[in-house]
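Subject: Structure handover and notes

Dear colleague,

I am passing on the structure we talked about, and I would be glad if you kept it open while you read. My notes on what was found in it follow.

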Amino acid sequence: MCGIVGYAGPDEALPILVEGLRRLEYRGYDSAGVAVMDGGVRVVKRAGKLSELEDALRDHQTPITGRTGMAHTRWATHGAPTDLNAHPHLDCRGRIAVIHNGIIENFQSLRDRLAKAGHRFISETDTECVAHLVEEAYRGNLADAVREAVRQLTGAYALVVTSAEEPDVIVGVKVSSPLIVGLGKGENMLASDIPAVLQKTRTFVPLAENQVVEVRADAVRITDLDGAEVPLSPMEVEWDLAAAEKSGFADFMLKEIHEQPVALRDTLRGRIDSLGRLNLDDLRMREDQIQDVHKVFVVACGTAFHAGLVAKYAIEHWTRLPVEIEIASEFRYRDPVLDGHTLTLGVSQSGETIDTLEAIRHARHQQSRVIAITNTVASSIAREADGVLYTHAGPERAVAGTKTFVTQMVALYLTALYLAQVRGTLFPAEISDHVEEMQGLPDLVKRVLSLDDQVQALAERYQQARDVLFIGRHTGYPVALEGALKLKEISYIHAEGYPAGELKHGPIALVEPGVPVVAIATECHVYQKVLSNIQEVKARGAEVIAVATEGDVEIGRVADHVLYVPRTHELFSPVVVTVPLQMLAYRIGKLRGCDVDQPRNLAKSVTVE
Ligand code: G6P
């Protein structure tokens, strides 16, 4: 949430910063701004999407030049998305500029005190007080002044600060929100996420908690909050620039839907030996530790939560361990019963969602072992967990998760089967059968992508719907939730996902003639019951779109439209069934003229509670 980028090097900073913002816009798109060290600090900022800022920069009378600078794209928390509230924010003399991701929780008391001391505030943001705190603390060394300011702040945030007094340095600090340093040759960058630095380098250093970094063209220095130097531990990222481009697709979401077969294959690669046994050393759990697990918790938000729900069915079925799945923002506030015999799985595409991060911190604090399932190398959740299983989905730019959802499910299946392998709850032959079935998923998903014409026709028919219900049973239920979430976030149509059997306990009241109901009706042990639930909504005039297994003739007699998907094991079916629902949301969103990559009010990586 909020994108941050900084540059110090021999090139003109402005185009690099704008390009960095373009690659981070999924983190927030309410307003954007830049500060370049051009004599003094020159700031340009605008409400609206990045294009508004680009227009403003183009219209600027005197070109902005300078080789050090920083930029920000905002997801508003404190203060409406206006020009004034856009970042960067300046101190009283316009000599110090600050950009910020996160929330300063005690900003009001700081603001009151600073205002009383004569500081002038012009925005409604929590960020502005940091510029004045740094101004107050500045005694000739920017990094020291930032350290001094941070001592007075509470909250979870990342800050980047520049000053006209020291025009060759940008100072960053990480307290819970992500910040990485991109290491180039004679140039260095600072960013909240890897895609922003790929234009210059694939080598990066993630900042750890409470670290301060001074980034110059020729040097990067990391210190702790007391000023003690910390050695750099650079890492390489496999992603390249092309992976973060649209590559001929109309939108990132469409491209990412089509990348799913490859993403699934990459996530499965290297984790299965020639005998079909799983090798998950990355989990860093000894066999005796796995044997010792009595209970599993899964914590996640949004789409990752739906992947976690699917995992609950798989883990319980294959390992007979009880599994509790909880929305991360609720988990730690309800005093869950955790101990050294519990295993907590934190699922997060970004690895930075603050609620999930805090949930795994809470779990670790209560002695639970924690495994992260994430797509982002060296993200906060990956680093704070005991072990990590990466989904190899590549960068995902559309705000709505697609390829990361299917790879999260596969990573969770791998984890479940591995637990079963070590605990001996499945025979080796059963595990290798499941593994073989999983290895077929990329091809099945590829086949499903060819449903696009049929999906387009359905989208045209239902694009004006006011409400859409999604129903399913067993693993069809999380798929229904995910289908509804995709539709509402992409097209702004009201949609609800419901367990099909629960519909008659309330939501069926919403069904009236013509209401579309999407029913997940693939082959499974509760198929007949789903058919009965379809009959119930049909009897009340609903128009049913069923997602069913190829070869099923019975479904054609009850549903108005059928999207046929290939047969697979019922625990794996969410991977296949989700895809046409992603496509339906995408096609309806496009027909309604929505910005499918950047839906209103959302951000891809949510780093505020
Ligand atoms: C945001 C995004 C969702 C995502 C959720 C969790 O709400 O818009 O698409 O599912 O955060 O993100 P994570 O990075 O933790 O998977």
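Helices and strands here are DSSP runs, helices being H or I with at least four residues and strands being E with at least two, and both are numbered from the N terminus. The model is a predicted one, in which local features need pLDDT of at least 70 and side-chain atom pairs count only at pLDDT 80 or more, while totals for chains, interfaces and linings use all residues. Residues are numbered from 1 along each chain as its sequence is written, and side-chain values use heavy atoms, with hydrogens and water left out.

I begin with some backbone points. Most residues other than glycine have a negative phi, and most peptide bonds are trans. Against that background, the peptide bond from His-87 to Pro-88 is cis, with omega near 0 degrees, and Pro-88 is found in the loop between β4 (68-74) and β5 (89-90). Asn-210, in the loop between β11 (203-206) and β12 (211-215), is not a glycine but has a positive phi near 60 degrees. Asp-335 also has a positive phi, near 55 degrees, and is likewise a residue other than glycine; its loop runs between α10 (328-331) and β18 (342-348).

For accessibility, buried means under 20% relative accessible area, exposed means over 50%, and partly exposed lies in between, with a 1.4 Å probe and protein chains only. Asn-210 is therefore partly exposed at 34% relative accessibility, whereas Asp-335, at 60%, counts as exposed.

Next come two helices with a buried side. In α3 (residues 107-116), the buried residues are Phe-107, Leu-110, Arg-111 and Leu-114. Viewed down the axis of α3, these buried residues fall within an arc of 100 degrees, so they line one face of the helix; the arc is that of the directions from the helix axis to the C-beta atoms. An α-helix has 3.6 residues a turn, so residues three or four places apart point the same way. The cover over the buried residues of α3 includes β6 (96-104) and α4 (128-137), where contact means heavy atoms within 4.5 Å. After α3 comes Gly-118, with a positive phi near 105 degrees.

In α7 (residues 260-268), the buried residues are Gln-260, Pro-261, Ala-263, Leu-264, Thr-267 and Leu-268. Down the axis of α7 they fall within an arc of 165 degrees, so they too line one face of their helix. Among the elements covering them are α6 (252-258), β20 (387-390) and α13. Gly-270, which follows α7, has a positive phi near 80 degrees.

How do helices pack against each other in this model? Two packed helices are described by the angle between their axes and the distance between the axes. Axes are lines fitted to C-alpha atoms, for helices over the stretch in contact, and angles run from 0 to 180 degrees between N-to-C directions. The axes of α7 and α13 (residues 403-423) come within 9 Å and cross at roughly 25 degrees.

A second pair is α4 with α5 (residues 142-151), whose axes come within 8 Å and cross at roughly 120 degrees. That makes α4 oblique to α5. Here Leu-133, Val-134 and Ala-137 of α4 meet Leu-142, Ala-145, Val-146, Glu-148 and Ala-149 of α5.

Finally, is Leu-283 buried or exposed? Leu-283, which lies in the loop between α7 and α8 (287-291), is buried, with a relative accessible area of 1%. Leaving aside residues up to four places away in sequence, Leu-283 touches Ile-371, Asp-386, Gly-387, Val-388, Leu-389, Thr-415 and Tyr-418.

Methods
Parallel < 35°, antiparallel > 145°, perpendicular 65-115°, else oblique.
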